[in-house]
Amino acid sequence: MTITRHPDDSTLMSFAAGSLPAALAAVVAAHLTLCARCHDEVATMELLGGSLLDALPGVAMAGPPQAPLPGVQRETRLAHRRAAASGEVPAPLARLIGDDLDAVRLRRVSRGLWLRWLPVDGGGRLHLFKGAPGATVSEHGHKGSELTLVLRGTISDHTGEYRAGDICDLDESIEHIQVAGPDGCFCVVAQEHPVRWRRLLVRLARPWHGM
Amino acid sequence: VAEKERQQRVQAALAALPPEQKEVVALAYLEGLSHSEIAERLGMPLGTVKSRMRIAYQKIRQTLESLE
């Protein structure tokens, strides 16, 4: 697996700080099991937590400071070590969807698109979606951040093509149309808030597709 | 490079950040605020929060790389 698209450094920092909403943190944790580069960056970023109190005496805090995050660090490293044993589904996601993508029960939401909402406790929304070859996700934007991790196949938008292990990290400045590649795709998507659909018909169908 | 020296360099790099970059890093690490919560707290676009954190980290990483 050759990974070329990574989370933004600011996203990795938020993960290292323990301040990323849970749905987005699950996607980053999964990426870290596949990507040594990001794994090492997070290890460096975790150093910052312990240095901040000494380095920033002038910053006024509204609440009590949190301790450095050995738990996050430990879980990240454990997840990375577990990665070798897992297949297409990284360990942090396997407890939510199992380890066989083809065995996951999905609901069809439009032509060539299926999804399953995944339970998440602690902020954000998380779903697995499957796109048939060439299937299109209608134009939409976001409120807050959206992270997409490709588990199988490819998916593209105007920002580029994303392959297995890649992350598409977007904020609310981006609107896009996503197209599944010639072999289709399985992706896990984390969003802070529901997406903003451009097309009225898609907005009206929100009670059905839930997105 | 000794771990203590790395920590000292990180602290120095953090202390040398411009106040607006220190602020977003501190809010994320010490108050546990997400990017969106920081944006709301400071009344600025989400993209600005992310870019300030990104630039702050680039400076810290450059400091550490200079040790290697």
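Tutor: Buried means under 20% relative accessible area, exposed means over 50%, and partly exposed lies in between (1.4 Å probe, protein chains only). The model is predicted, so local features need pLDDT of at least 70 and side-chain atom pairs pLDDT 80 or more, while totals for chains, interfaces and linings use all residues. Residues are numbered from 1 along each chain as its sequence is written, chains are lettered from A and ligands numbered from 1 in the order written, and side-chain values use heavy atoms, without hydrogens or water.

Start with the cysteines. Over all chains, a search of the whole structure finds zero disulfides (a disulfide being a pair of cysteine sulfur atoms within 2.5 Å). A:C38 is in none; its nearest cysteine sulfur belongs to A:C35, 3.7 Å away. A:C38 is buried, at a relative accessible area of 0%. A:C168 is in no disulfide either, with the sulfur of A:C187 the nearest at 9.2 Å. A:C168 is buried too, at 3%.

Now the helices of chain A. Helices (H or I, at least four residues) and strands (E, at least two) are DSSP runs, numbered from the N terminus. Axes are lines fitted to C-alpha atoms, for helices over the stretch in contact, and angles run from 0 to 180 degrees between N-to-C directions. Helix α1 (residues 9–17) of chain A packs on α2 (residues 22–32) of chain A at about 100°, axes 10 Å apart. That makes α1(A) roughly perpendicular to α2(A). Under 35 degrees counts as roughly parallel, over 145 as roughly antiparallel, 65 to 115 as roughly perpendicular, and the rest as oblique. Contact means heavy atoms within 4.5 Å. A:T11, A:L12 and A:F15 of α1(A) meet A:A25, A:V28, A:A29 and A:L32 of α2(A). By class, that contact has six nonpolar residues, one polar and no charged. Ala, Val, Leu, Ile, Met, Phe, Trp, Tyr, Cys and Pro count as nonpolar, Asp, Glu, Lys and Arg as charged, and the others, Gly among them, as polar.

Chain B holds four helices and zero strands. Buried residues make up 46% of its 68 residues. Helix α2 (residues 19–30) of chain B and α3 (residues 35–42) of chain B have axes that come within 10 Å and cross at roughly 125°. α2(B) and α3(B) are therefore oblique to each other. B:E23, B:V24, B:L27 and B:A28 in α2(B) touch B:I38, B:R41 and B:L42 in α3(B). Here the classes are five nonpolar, no polar and two charged residues.
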